[in-house]
Protein chains: 2
Amino acid sequence: MNAHTSAERPGEPGTVDGLTARVSGREIPEATVARLPIYLRALNTMLECGTTTCSSEELAVATGVNSAKLRKDLSYLGSYGTRGVGYDVDYLRYQIAREIGVTQDWPVIIVGIGNLGHALANYSGFRSRGFRVVGLLDADVDLHGRQVAGLAVQPFADLEQIVGEQDVAIGVIATPAGAAQDVADRMVAAGLTSILNFAPGVITVPAGVDVRKVDLSIELQILAYHEHRKAPQPQTVPERGVS
Amino acid sequence: MNAHTSAERPGEPGTVDGLTARVSGREIPEATVARLPIYLRALNTMLECGTTTCSSEELAVATGVNSAKLRKDLSYLGSYGTRGVGYDVDYLRYQIAREIGVTQDWPVIIVGIGNLGHALANYSGFRSRGFRVVGLLDADVDLHGRQVAGLAVQPFADLEQIVGEQDVAIGVIATPAGAAQDVADRMVAAGLTSILNFAPGVITVPAGVDVRKVDLSIELQILAYHEHRKAPQPQTVPERGVS
DNA sequence: GCCAGTTTGTTCTCACGTTCACAAACTCCT
DNA sequence: AGGAGTTTGTGAACGTGAGAACAAACTGGC
């Protein structure tokens with residue numbers, strides 16, 4: 001089932017621990033990895049505006065990041081700037097895209113075509129940023145065959161077939177919470193090694209599989225915490241003497 | 001973020017900075033705040049299953065967090081556990097909800113009723129976790145009056161009115177990138193002090209306004225980076241000797 | 001009442017991430 | 001050509017977060 005992924009494992013003992021960093025000097029910290037896409041997007045925007053060169057300060061302002069942090073982030077990729085001048089926008093853009101691995105499209109499947117899955121399938125940002133939705137799956141038979149974003153919704157049982165045919169590595173879970181763990185298990189069994197989980201709740205996967213979680217209400221709750229702290233009585237209290 | 005990051009230092013008399021820590025001297029670290037909603041959700045699930053007591057170890061397993069970290073997180077709220085016993089699920093749940101500020105519903109407005117805004121308006125997780133969508137706004141006149149999730153889409157010009165009438169503090173931006181900054185400016189002018197931004201790109205707001213950003217394609221790109229690293233030739237790359 | 005077993009709350013240490021500050025290196029002007 | 005002005009890349013200091021380990025405190029049995 002997961003023949004293609006396990007067969008391509010390098011198998012050499014060079015990268016044993018996550019802290020070695022000796023391979024080619026490239027061990028990029030997680031915090032930096034999380035910012036690279038932000039830089040990439042800003043560079044694309046600059047390119048559309050015709051900007052050919054930018055300094056770290058300009059890019060920092062455009063991305064809301066400290067310029068020293070930005071330079072250090074970029075230094076993990078290599079020395080792609082020119083002192084006294086700045087960075088070539090197109091060149092730097094390509095280098096970041098290459099480092100992330102989005103110089104070509106990644107095929108992606110989405111499981112759970114409810115409101116959110118529907119929106120994700122139609123989200124144009126995926127295609128323009130290195131991803132191509134190649135499969136929409138749902139357990140609900142009423143949805144099967146329905147056209148969504150130019151694709152027909154398929155039965156969940158087709159998972160293995162789609163993954164195998166298209167060599168998919170990344171799956172998106174947009175189901176209710178109750179189904180998320182089962183879906184994740186099936187995804188792993190089918191050979192997916194990266195999962196983006198929109199369902200609330202924790203899913204567990206074996207080592208070697210990456211999971212990222214996006215929880216919409218958690219983001220709101222974090223905002224609520226700070227809001228709550230700004231004004232002691234946030235919403236229902238009618239009168240408060242604001243000094 | 002400067003208003004939240006002044007922890008009380010040993011030796012100094014508290015509340016030197018004016019706005020900070022005046023409630024009860026507790027300054028909860030951001031990393032902890034981000035986890036409190038996760039604990040809250042797990043506790044709610046436990047409560048539905050009839051569990052009345054749990055240890056830090058059980059809650060840690062349910063949330064995928066180290067138990068020592070969990071205990072430290074909870075200790076910022078106070079001493080709500082009993083040594084030798086554990087935590088009362090309902091009591092702890094209430095304390096966390098109170099700390100976050102979701103014991104009552106927060107009214108929320110959503111601007112941009114496209115695919116994503118539509119899905120957000122219908123997302124049941126908001127209502128069940130302390131939020132109530134009280135307004136849907138869009139600049140597109142064709143959408144005005146359309147019923148979405150039991151609410152009629154209103155013109156964007158109604159923003160100030162809705163915010164004023166319902167005492168809204170939190171707004172969600174689900175527009176295309178180009179409109180995001182304008183919408184944010186109007187939101188701030190209308191009095192919103194917390195913004196959840198789903199639009200790609202950076203928005204800038206004055207101090208005192210909190211912004212959180214959720215970027216769907218960035219999450220996928222982070223996964224792609226790690227996937228890219230697992231197998232040197234991920235999908236369709238034919239040759240190229242990578243240095 | 002007292003002891004054994006359990007679990008919390010906290011302290012200490014280490015790793016990671018951020019920011020400052022500056023030498024190295026490049027361009028431009030004279 | 002040489003010096004002035006910029007901007008990168010990086011070493012070092014600082015702050016925050018994670019995890020191990022342990023004393024304090026509670027329950028239950030005898």
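1. Helices here are DSSP runs of H or I with at least four residues, strands are E runs of at least two, and both are numbered from the N terminus. This is a predicted model, where local features need pLDDT of at least 70, side-chain atom pairs count only at pLDDT 80 or more, and totals for chains, interfaces and linings use all residues. As for labels, residues are numbered from 1 along each chain as its sequence is written, while chains are lettered from A and ligands numbered from 1 in the order in which they are written.

2. Staying with helix 3 of chain A (residues 56–63), its buried residues are A:Ser56, A:Leu59 and A:Ala62. Buried means 20 or more other C-beta atoms within 10 Å of the residue's own, exposed means 12 or fewer, and partly exposed is in between, with C-beta atoms placed from the backbone. Down the helix axis these buried residues fall within an arc of 125 degrees, so they line one face of the helix; the arc is taken over directions from the helix axis to the C-beta atoms. An α-helix has 3.6 residues a turn, so residues three or four places apart point the same way. The packing partners of the buried residues are helix 2, strand 1 (53–54) and helix 4 of chain A.

3. How far can you trust chain A? Its average pLDDT (the predictor's confidence in each residue, from 0 to 100) is 87, and 84% of the residues score at least 70. Over residues 1–24 the pLDDT is below 50, and this stretch has 14 contacts in the model beyond near neighbours in sequence. Residues 233–243 are also below 50, with 10 such contacts. Where pLDDT is low, the predicted coordinates should not be read in detail.

4. Now the pairing of the chains. Chain B superposes on chain A by a rotation of 180 degrees with 0.0 Å of shift along the axis, RMSD 0.1 Å; that is the relation of a two-fold axis. In chain B, B:Ala119 has the C-alpha nearest the axis, 3.2 Å from it.

5. On the interface, 58 residues of chain B are in contact with 57 of chain A, contact being C-beta atoms, placed from the backbone, within 7 Å. Helix 9 of chain B gives the most to its side, with 14 residues. Of the interface residues of chain B, 93% are also interface residues in chain A, so the copies meet through the same surface.

6. Then the DNA. 28 residues surround DNA strand C, the closest being A:Pro29, A:Gly84, B:Ser56, B:Gly81 and B:Gly84; near means a C-beta atom, placed from the backbone, within 6 Å. Helix 3 of chain B provides the largest share of that surface, five residues. DNA strand D is surrounded by 28 residues, with A:Ser56, A:Gly81, A:Gly84, B:Pro29 and B:Gly84 the closest. There the largest share, five residues, comes from helix 4 of chain A.

7. B:Gly81 is partly exposed, with 19 other C-beta atoms within 10 Å. Leaving out residues up to four places away in sequence, B:Gly81 touches B:Leu74, B:Gly86 and B:Tyr87.

Note on methods: Contact = placed C-beta atoms within 7 Å. Least-squares fit on C-alpha atoms with pLDDT ≥ 70 in both.
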